[in-house]
Amino acid sequence: MKTMMMLFPEIAADILSRLPVKSLKRFRCVSKSWCKEIDSPYFINTHLKRSSQAHTHLSLILRDTTKLCTVDLDSPDFTSIELKSNPLKSDHCATEVMGSCNGLLALLNSDFRIALYNPSTREKKMIPVSPLELPNDLDDSKVSSLFNFYGFGHDPVNEDYKVVRFIHFYGDSPDGFFHCEVKVYSLKSNSWKRIDDYPYDLRFILPPDYHPRCRRGYGVFANSAVHWKATVVGKGKENGSDLILAFDLGAEEFKIIPQPDYSSNEHEMNVGVLGGCLCVFCNRNCEQVEIWVMKEYGVKESWTQLCTVIAKLQVKEFWLHARPLAYSKGGDKILLELDNRFLVWYDLRRRKSKIIKIRGAPPIFIAEISVGSLVTLNGGGEGQTSGKDTQEKRKTRKKRDQFLSKGFKLVL
């Protein structure tokens with residue numbers, strides 16, 4: 001330790017930036033200068049960038065019906081440990097991870113409570129509740145169902161973290177769909193704002209009277225945008241076309257991302273993130289999964305087929321759906337989640353897989369990737385809910401219960 005303290009500040013900072021958050025939290029107590037260095041925005045960004053580029057300090061976040069757990073992927077002993085500092089922990093509501101970005105998790109439960117949470121530092125912040133809104137010329141009696149879609153990520157233009165929420169309201173009209181509400185939460189301002197309602201800004205892309213319907217409630221973040229798989233719907237039915245719908249967090253507008261030229265259209269496509277790049281994975285007939293990575297964001301020609309994993313030959317376990325999660329440190333393997341039941345490392349060069357055994361893991365789970373970081377929530381702390389937030393929460397819950405009491409359907 002004395003040797004470290006005698007090093008030039010730049011060298012010491014370089015060494016510290018390679019360490020996990022757990023060690024850095026201890027080293028803050030070494031001296032005032034080290035504490036100041038570790039807490040500085042420059043060091044926090046350097047540490048995050050280095051971890052992301054080297055694929056180090058990665059953790060799995062496992063969610064089952066009752067709790068959130070974490071698994072350190074850098075550890076030789078994979079053990080599931082419950083995140084007891086989960087700000088939404090409840091005995092009657094499951095906590096869902098709606099997004100992961102730069103070490104921060106956006107959490108949601110069925111009580112419409114949303115929180116931002118850094119599991120490495122245990123810093124947390126409750127997000128104020130934003131009530132559902134309908135246009136003045138529409139009333140609740142015309143609503144037959146609601147579909148909620150969320151996303152979370154970093155806005156580099158304004159150096160802000162944002163949550164986007166858009167809700168489809170469906171009624172009994174021939175098309176069914178008649179309204180969409182879009183709101184964006186800013187961590188910097190700690191407030192929600194309503195923006196132009198989707199999908200009106202996409203009318204020039206889609207046929208008249210058609211709109212995208214997302215197939216996944218929570219989007220994935222890559223290249224300053226949140227992405228969902230969507231299906232084109234209109235005139236009361238789907239037309240069979242899949243889209244990649246994106247919401248740019250800086251411009252705060254929707255757009256369509258071009259897809260690769262698939263070898264066949266007989267597949268189930270979905271979107272994900274690998275190494276910070278947007279990816280798509282296509283499961284075919286419970287036999288194989290084809291994985292593509294977009295090397296240059298927004299450029300169709302930059303789609304590159306990473307691999308095709310064949311179920312019976314390369315992964316011994318039987319599975320229906322595979323989802324890529326992360327690269328290994330060396331970048332020669334990818335971590336796959338299979339059927340929400342088990343995980344494997346797939347060797348890209350040797351085309352072989354190895355099942356990961358995690359002690360204490362739930363039998364069925366949903367996995368997300370999180371990088372250990374010192375990113376703060378601007379001193380938000382636990383973000384105690386104000387009286388106004390409680391009132392808004394009651395209004396939102398009341399409106400939701402009114403819909404449900406009429407036999408309507410609410411999909412998260």
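**In which sense do strand 5 and strand 6 pair, and over how many bridges?** Strand 5 (residues 104-109) and strand 6 (residues 114-118) are antiparallel, joined over four bridges. Leu108 has Ile114 of strand 6 as its bridge partner. The model is predicted: local features need pLDDT of at least 70, side-chain atom pairs count only at pLDDT 80 or more, and totals for chains, interfaces and linings use all residues. Residues are numbered from 1 along each chain as its sequence is written, and side-chain values use heavy atoms, without hydrogens and water.

Strands are DSSP runs of E, at least two residues; helices are runs of H or I, at least four; both are numbered from the N terminus.

**The largest nonpolar core.** This core holds 67 residues. Such a core joins buried Ala, Val, Leu, Ile, Met, Phe, Trp, Tyr and Cys residues through side-chain atoms within 4.5 Å. Buried means under 20% relative accessible area (1.4 Å probe, protein chains only). Leu60, Leu116, Val163, Phe166, Trp228 and Leu335 touch the most other members. Strand 9 (residues 160-170) supplies the largest share, five residues. A second, separate core of 16 residues includes Cys279, Val289, Cys307 and Ala322.

**Surroundings of Leu116.** Beyond four places in sequence, its contacts (heavy atoms within 4.5 Å) include Phe152, Val163, Tyr185 and Leu377.

**Helix 2 (residues 9-16).** Ala12, Ala13 and Leu16 are buried. The buried residues of helix 2 fall within an arc of 100 degrees (directions from helix axis to C-beta atoms), so they line one face.

Terms used: Pairing = 2+ DSSP bridges. Buried < 20%, exposed > 50% of the residue type's maximum accessible area, 1.4 Å probe, protein only.
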